[in-house]
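Hello,

Here is the structure you asked for. My notes on its salt bridges and on one helix residue follow below it.

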Amino acid sequence: MALNGIPLQHEPDRLREFQTLIRHVHQQPTQMRRALRLAFKELPVDEAQTLRDWVERRFSL
């Protein structure tokens, strides 16, 4: 994988990226739902469950 000609040695950690996104939008319910929906579509099942558990512990839904 390369970004603008810069070779990357590893794939970005999608789970961490979604956690960061959710931290930024957690006070906006519509954006939070969109972020979670996108995450559950893109992440493997085990990472999606990890994200769901993290969200339930951290935020009141």
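Start with Asp13 and Arg16. Their side chains form a salt bridge, with N to O at 3.8 Å. The term means a side-chain nitrogen of Lys or Arg within 4 Å of a carboxyl oxygen of Asp or Glu. Asp13 is partly exposed, at 39% relative accessible area. Arg16 is partly exposed too, at 49%. The cut-offs: buried is under 20% relative accessible area, exposed is over 50%, and partly exposed lies in between (1.4 Å probe, protein chains only).

Some ground rules before the rest. This is a predicted model: local features need pLDDT of at least 70, side-chain atom pairs count only at pLDDT 80 or more, and totals for chains, interfaces and linings use all residues. Residues are numbered from 1 along each chain as its sequence is written, and side-chain values use heavy atoms, with hydrogens and water left out.

How many salt bridges does a search of the whole structure find? The total is 4.

Next, the network. Salt bridges link Arg14, Glu17 and Glu42. Take the Glu17 and Arg14 pair: the closest N and O atoms are 2.7 Å apart. Both residues sit in helix α1 (residues 14-25). They are 3 residues apart, so about one helical turn separates them. Helices here are DSSP runs of H or I with at least four residues, strands are runs of E with at least two, and numbering goes from the N terminus. Glu17 is partly exposed at 36% relative accessibility. For Arg14 the value is 34%, again partly exposed.

Arg14 also bridges to Glu42, with N to O at 2.2 Å. Glu42 is partly exposed, with a relative accessible area of 43%.

Last, Thr50. This residue is in helix α3 (residues 45-58). Where does the side chain of Thr50 reach? It goes to the backbone oxygen of Asp46, at 2.9 Å. Thr50 is partly exposed, at 40% relative accessible area. Thr50 and Leu15 are 35 residues apart along the chain, and their C-alpha atoms are separated by 8.5 Å.

Over to you.

Best regards

Note on methods: A polar contact is a pair of N or O atoms within 3.5 Å; within protein, one must be able to donate a hydrogen and the other to accept it, and residues adjacent in sequence count only if both atoms are side-chain atoms.
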